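Okay, everyone, have a look at the screen.

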Amino acid sequence: PYFVILIVSLSRFIFLDQDVPSFMVAGLSQEDEAYYSNAAILRYYNDIGQTDLEFNQNHGEIAALYAIPLTYISLHIFGNNYWGLRLSVTLLSLVTIFLLFKISKSEIKDNKYMFFLLFLLIGDFYFFTFSRYFNPQIFSIFIISLILFYYYKIKNLKLRFFVVTFLAVCS
């Protein structure tokens, strides 16, 4: 079962450069990617010297500061293409699956229920679609998964509430 989970999880990288499906199919719009990644793309173009000096270099969505650095780094690695734009989202979805796997492994004692939960998460069309296109919801899902992970992982009650509250503010 671990091999099947790995293969299905990595299938998110197949055809990563395809267009966003129509709005009625996925609930995503093609304009959303450009809007949500605006700040990272502007900083990328500023670094490579393709912006006007009079142009506002810091303009972008201020509330999505946690999304900008990851996308900015992947744009520098892969360039301004779909791989550079979407790789951070796809990697975060894999980390989210891993965090939920760790939670289910420690909390669910029966392996068949644990694998059923994982296959549900991996095979869910909506999560699969969200994990392939740039939107801020995947970052919130990741932070919520991180909150759940630390809630079950940290045994010290005061530290647990501090970490969970801090991450809840970040989401």
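So, the largest pocket is lined by Tyr 2, Ile 5, Leu 6, Ser 9, Leu 94, Ile 97, Phe 98, Phe 101 and Leu 118. A pocket here is an open set of points on a 1 Å grid over the protein atoms alone, where a 1.4 Å probe fits, with protein on both sides within 12 Å along at least five of seven lines; lining residues have an atom within 4 Å of a point. Helix H1 (2-10) and helix H6 (82-107) each give two or more residues to that lining; helices are DSSP runs (H or I, at least four residues), numbered from the N terminus.

Quick caveat: this is a predicted model, where local features need pLDDT of at least 70 and side-chain atom pairs count only at pLDDT 80 or more, while totals for chains, interfaces and linings use all residues. Residues are numbered from 1 along each chain, and side-chain values use heavy atoms, without hydrogens and water.

Now, the packing. H5 and H6 pack at about 130°, with axes 7 Å apart; axes are lines fitted to C-alpha atoms over the stretch in contact, and angles run from 0 to 180 degrees between N-to-C directions.

Who touches whom? From H5 we have Leu 70, Thr 71, Ser 74, Leu 75 and Phe 78, and from H6 Trp 83, Gly 84, Leu 85, Leu 87, Ser 88 and Leu 92, with contact meaning heavy atoms within 4.5 Å.

Then there's H4 (residues 38-47), which packs with H5 (residues 68-78) at about 45°, axes 8 Å apart. That makes H4 oblique to H5.

Notes: Angles under 35 degrees count as roughly parallel, over 145 as roughly antiparallel, 65 to 115 as roughly perpendicular and the rest as oblique.
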